[in-house]
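Welcome, and please open the structure in your viewer. We will take a short tour, one selection at a time.

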Amino acid sequence: MMITIKSPREIELMRHAGKLVSLMHQFIKPYIKEGITTKELDKLCEDFIRKNDAVPTCKGFEGYPATLCTSVNDTVVHGIPDNYKLKNGDIITIDVVIGYKGYQGDAAWTYAVGEVDDNKKYLMEHTEKALYEGVKMVAPGNRIGDISYAVQKYAEEHNLGVVRELCGHGIGRDMHEDPEVPNYGTPGTGPKLKEGMAICIEPMLTFGHRNVYLMDDEWTVKTLDGSDAAHYEHTILVTSDGYEILTPRLDGDNNE
Ligand code: MF3
Ligand code: CO
């Protein structure tokens, strides 16, 4: 796989895919309440995507069985929707990739179920802020390491663990393209950003230690120490003078 530069037509399609991702998050937010199962959330989102002439890209990807990744509390990423009923005080990350006419949009954010404790609020707020620290580094001529460093610095200054086993990525026709976008690194290193590239930046931060493990289902990634994790992700286009967020939050509830 290589780094792809998108044409104006491709950018239009990615903008639409990204907009559907934003709209789906907006659509599902009011359903994220005590008592609903993650499987029910998954079904609602799959129906929403298909009604919009789009495809749930994760479903069937390397055998992944669902539309969403629903990652609760100590699950970092790739939680498979199941019969778990959300409880007051949980946090849940909803991560989705939507394909529109062959182009992908990808965004995750973490939601509170009812009233969550101050530690969870802190984790969510600063994980989202770490994402925007990375996003602000996106401009032609800057390097991937500039993004990685900005995310890591912010996270560690706030005493959060930076999960290293998983990275952001390029995106386009495929949901995972080059380059890799790690959440830790060194300024001035790595591939150079160019106008027309699209990348996903996605810090996965923990309230405790950064170590994680893979469960026997070969998908679910959890924190080793059982601490909570949060995950925020945007699809970002590199423009002539900076960036465009292709998956903007529509709920006004962001930490940009
Ligand atoms: N948004 C996730 C990612 O960035 C989607 C992967 S889930 C999978 O990697 F099931 F499709 F692998
Ligand atoms: Co992604």
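Is Glu-62 buried or exposed? Select Glu-62 and you will find that it is exposed, with a relative accessible area of 66% (buried means under 20%, exposed over 50%, partly exposed in between, with a 1.4 Å probe and protein chains only).

Before moving on, note that this is a predicted model, where local features need pLDDT of at least 70, side-chain atom pairs count only at pLDDT 80 or more, and totals for chains, interfaces and linings use all residues. Residues are numbered from 1 along each chain as its sequence is written, chains are lettered from A and ligands numbered from 1 in the order in which they are written, and side-chain values use heavy atoms, with hydrogens and water left out.

Stay with Glu-62: its phi is positive, about 50 degrees, although it is not a glycine. Most residues other than glycine have a negative phi. Next, select Glu-218, another non-glycine residue with a positive phi, near 70 degrees. Glu-218 is exposed too, at a relative accessible area of 59%.

Now go to Asp-178 and Pro-179, where the peptide bond joining them is cis, with omega near 0 degrees.

Finally, select ligand 1. Around it are 14 residues (each with a heavy atom within 4 Å), and Tyr-64, Asp-95, Asp-106, His-169 and His-176 are the closest. Show Asp-106: a polar atom of its side chain is 3.0 Å from a ligand 1 nitrogen. For His-176, a side-chain N or O atom lies 2.7 Å from an oxygen of ligand 1. Glu-202 also has a side-chain N or O atom 3.1 Å from a ligand 1 oxygen.

Note on methods. A polar contact is a pair of N or O atoms within 3.5 Å; within protein, one must be able to donate a hydrogen and the other to accept it, and residues adjacent in sequence count only if both atoms are side-chain atoms.
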